Every structure is written in C-alpha cells, then in structure tokens.
Amino acid sequence: MNIIIAPDSFKGSLTAPEAALAIERGVRRARPDATCWLVPVGDGGEGTAACLAAATGGRLARATVSGPLGEPVEAAYAVLGGAAARSLAAGDRAAGSGARGGADAARPDTDDDSVCVIEMAEASGLGLVPLARRNPLLTTTFGTGQLIRAALDRGCRRFVLALGGSATCDGGAGMLQALGMRLLDNAGRPIGYGGAELARIVTLDDTGWDTRIAECEWLIATDVSHPLIGDQGAARVFGPQKGASPQAVEALEAALRHWADRIAAHNGVRLHERPGAGAAGGLGGAFQAFFPARQRRGIDVVIELTGLERRLADATLVITGEGRIDAQTAAGKAPLGVAQAAKRHGVPVIALAGSIGSGIAGLHETGIASVHSIVQTPMSLEAAMRDAALLLEQAAEQALRAFLAGWSQRQS
C-alpha cells in the first residue's frame with residue numbers, strides 16, 4: 001500500500017513537514033508495512049519555502065533584512081535543486097523526489113541553476129508585527145526586496161514568489177526601493193516607507209534599478225485574484241486584517257489609487273483593475289508592473305515542484321490536512337489542490353483538520369472523501385495546539401483504520 005502524506009501547516013502548532021511526520025507515525029501504527037511518501041505542501045502562504053526545501057531535498061539560506069516596521073529580522077529563502085529548476089522551466093510535473101530533505105547544508109555560494117523560493121512573509125509578514133503595532137499605513141515590503149537582492153547576489157536566476165501572509169499594503173513600493181527604484185516627492189526627495197507614503201509619490205526614477213531582474217524568470221505563486229483598488233482591492237478587502245481602521249482603509253485606498261496612476265504614467269501598465277495586483281497588499285501588482293513575471297495558483301506550483309503528481313500514479317491513498325478546513329478551503333487552499341490532483345488519478349483523499357467549519361459538504365465533490373477533526377474530546381485551544389502532533393498522529397491512525405476496513409473488503 002502506497003500512501004502519500006501531503007499536509008499543509010497547522011498554523012501556530014506544526015509546520016507542514018512536522019505535520020507530515022506526525023501523520024506518518026499514525027499511519028505506521030495502523031499499517032506498519034505501508035510505503036509512505038512525505039510531500040509537505042503549502043499554497044503560497046507562510047511555510048511554503050520551508051516545505052518546498054524539505055520536499056525537494058533543497059536547503060534554506062538566510063539573510064538579515066528590514067522587517068515590516070524597519071527593525072532587523074533574520075529571513076530565510078529556499079534554494080531548490082536542479083530537478084526543480086528543470087520542472088519550472090519546462091513544466092515537467094515529474095520533478096522533485098517527495099522525500100525528506102535537509103536545510104542549510106554546505107553548498108556552493110552560487111545557485112544559478114537552482115530555483116529560489118522567496119516567501120514574502122519571511123521578511124514582511126504579519127507574524128513579524130505584534131498585534132498592538134499592526135498598521136499598514138506604516139509597514140513596508142523593503143525587506144522582501146532585500147531578500148530578493150540577497151538571492152540575486154547568490155547567483156539565483158529562477159524565482160518563485162510566495163505572496164501569502166503579508167503585513168503590508170504599500171503596493172510593493174518598499175520592495176522596489178530596495179532594488180534600486182527611487183520614488184520621489186514633489187521636491188525630488190525620496191519618500192519614506194509604508195502605505196501612507198504612496199500618496200506623496202510624484203516621480204519614479206528607475207535609473208538605479210537592478211538590471212539583473214530582467215535576466216531572471218519570475219513566477220508569482222498566489223491564489224489572490226483581487227485587483228489593486230476598488231471594493232475588492234487590497235486596502236478594502238485585506239487592510240482590516242492587517243490592522244487598518246476604517247479611516248486608514250480609505251487613506252490606503254486613495255494612496256494605492258495614486259500609486260497606480262503614477263505607475264501607469266511611468267510605464268503604461270494599469271494595475272487598477274488587474275487581477276492579482278492586490279495580492280500581498282499590492283506587492284503582486286509591483287511584480288506585474290516591473291518584473292517579467294507570470295502568475296499561477298500557489299498549490300499548483302507546489303504540486304509541480306514537489307513531484308506530487310508523479311507519485312499519484314502509484315498511490316493507494318492520499319492524506320492531507322491543515323489547521324482549519326471549512327468552506328474557504330474550496331477557494332484554493334492546499335488540501336483542495338491536493339484533492340484535485342488526486343482525483344485526476346482516481347486516488348481517494350482523507351483530510352485531517354485541527355478544526356472543521358461549516359460548508360465542507362462541497363469539498364466531497366473535489367475529491368476529498370472524508371474530513372476528520374484531530375480533536376476527539378473537549379479541550380482548550382491552548383491544549384489542542386500544544387498537543388497537535390500527538391492528536392494528529394492519533395487521528396491519522398483512526399482515519400486510516402476506517403479506510404482499511406472498506407479497502408480490504410474491495411481487495412477480497
């Protein structure tokens with residue numbers, strides 16, 4: 001029996017690789033002779049870089065960069081192997097080993113043949129800002145630009161940009177500033193950082209722009225299709241989640257509109273209503289306007305780079321999961337993408353969740369046969385998060401035993 005174990009992270013409790021190991025332990029208790037392929041996944045949000053490093057035998061590189069509020073943070077980016085690079089270039093879904101990989105191993109200082117995964121949440125993520133200090137009028141993507149520059153200096157030329165988990169709403173201006181773009185006010189002076197500063201931009205000076213960017217391949221991994229401005233734009237939809245008051249939301253909306261006008265005047269690219277431009281507080285739009293970038297659904301990129309599709313041809317069962325499964329899972333989260341891939345191969349999928357919300361009935365049509373909560377008895381949230389690995393292990397065992405009861409009858 002071949003079982004693919006492909007969970008996303010259980011946010012606040014377990015990374016995707018840690019969740020995969022816990023599920024594997026449960027599987028072994030129910031079926032010791034099973035062949036387990038561990039393929040931790042992500043959908044472009046937090047943890048995507050680490051799960052891709054683990055799944056492809058890649059490694060993590062680190063750099064000290066400016067955090068969302070300007071304070072130094074240590075951020076990581078993933079450098080994948082040659083097979084992943086060929087997959088990204090050619091669309092070969094057979095890339096990746098699906099095995100556990102190491103991180104931070106001793107490697108050469110140049111990675112021109114590798115795929116680099118830049119996870120913006122590492123440098124500019126909401127988790128880096130204490131709750132009381134969250135304010136997208138002030139937060140910046142400057143550190144994300146520094147992280148890109150560090151990877152360019154290392155020799156990377158093929159990039160996947162994971163845009164989930166942003167603390168910012170600066171239209172990607174900070175990232176551009178870190179890469180040599182000068183954003184000037186009406187007196188010809190550089191503006192500061194944060195979403196509020198966008199309203200002061202008069203001139204974009206790209207004479208110092210990093211010319212290596214044009215030489216690279218850039219793939220944006222995000223499920224967000226929101227435009228930059230409007231009722232479905234970056235400020236009004238995502239601003240409140242990042243700490244913006246109603247007044248701040250409207251200030252950000254006006255600032256982003258001004259920023260979009262300035263970009264259109266500079267290079268003719270209109271981001272105002274462009275799908276995906278609102279991703280990560282407008283960072284998606286900056287990539288669309290100034291990088292030779294294309295965009296794909298995050299989980300599809302992860303499935304391709306990890307080689308999950310190739311494994312499905314010989315799989316008996318897939319076990320996936322994440323911290324919460326509800327109606328929003330069908331909007332493009334990792335378990336949905338895993339289930340859709342499995343369905344193409346006729347492989348059943350079991351999903352495990354820290355909590356289950358309403359609206360999961362529709363998930364059965366996507367290929368998820370059943371959804372199981374890992375919490376089997378009343379307990380506090382703190383206890384559930386503390387014991388998440390054990391709870392996940394136990395739930396995996398019981399879910400697999402139920403599956404095996406029916407599977408054995410079909411085999412006889």
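**Exercise 1. How many positive and how many negative side chains does the protein have, and how far apart do the centres of the two sets lie?**

Solution. Begin with the counting rule, under which Lys and Arg are positive and Asp and Glu negative, while His and the chain ends are not counted. Each charge is then placed at NZ of Lys, CZ of Arg, CG of Asp or CD of Glu. On this basis there are 39 positive and 42 negative side chains, with the centres of the two sets 3 Å apart.

The model is predicted, with local features needing pLDDT of at least 70 and side-chain atom pairs counting only at pLDDT 80 or more, whereas totals for chains, interfaces and linings use all residues. Residues are numbered from 1 along each chain as its sequence is written, and side-chain values use heavy atoms, leaving out hydrogens and water.

**Exercise 2. Find how the protein is divided into domains, and how these meet.**

Solution. First, take the bounds, which come from an automatic or database domain assignment: domain 1 covers 2-39 + 307-408, and domain 2 covers 48-88 + 112-299. Next, taken over C-alpha atoms, the centres of domain 1 and domain 2 are separated by 31 Å. Finally, counting contact as heavy atoms within 4.5 Å, eight residues of domain 1 touch five residues of domain 2.

**Exercise 3. Describe the extent and burial of the protein.**

Solution. Start with the C-alpha trace, which spans about 80 × 45 × 35 Å along the principal axes of the protein. Then apply the burial classes (buried under 20% relative accessible area, exposed over 50%, partly exposed in between, with a 1.4 Å probe and protein chains only); of the 412 residues, 56% are buried.
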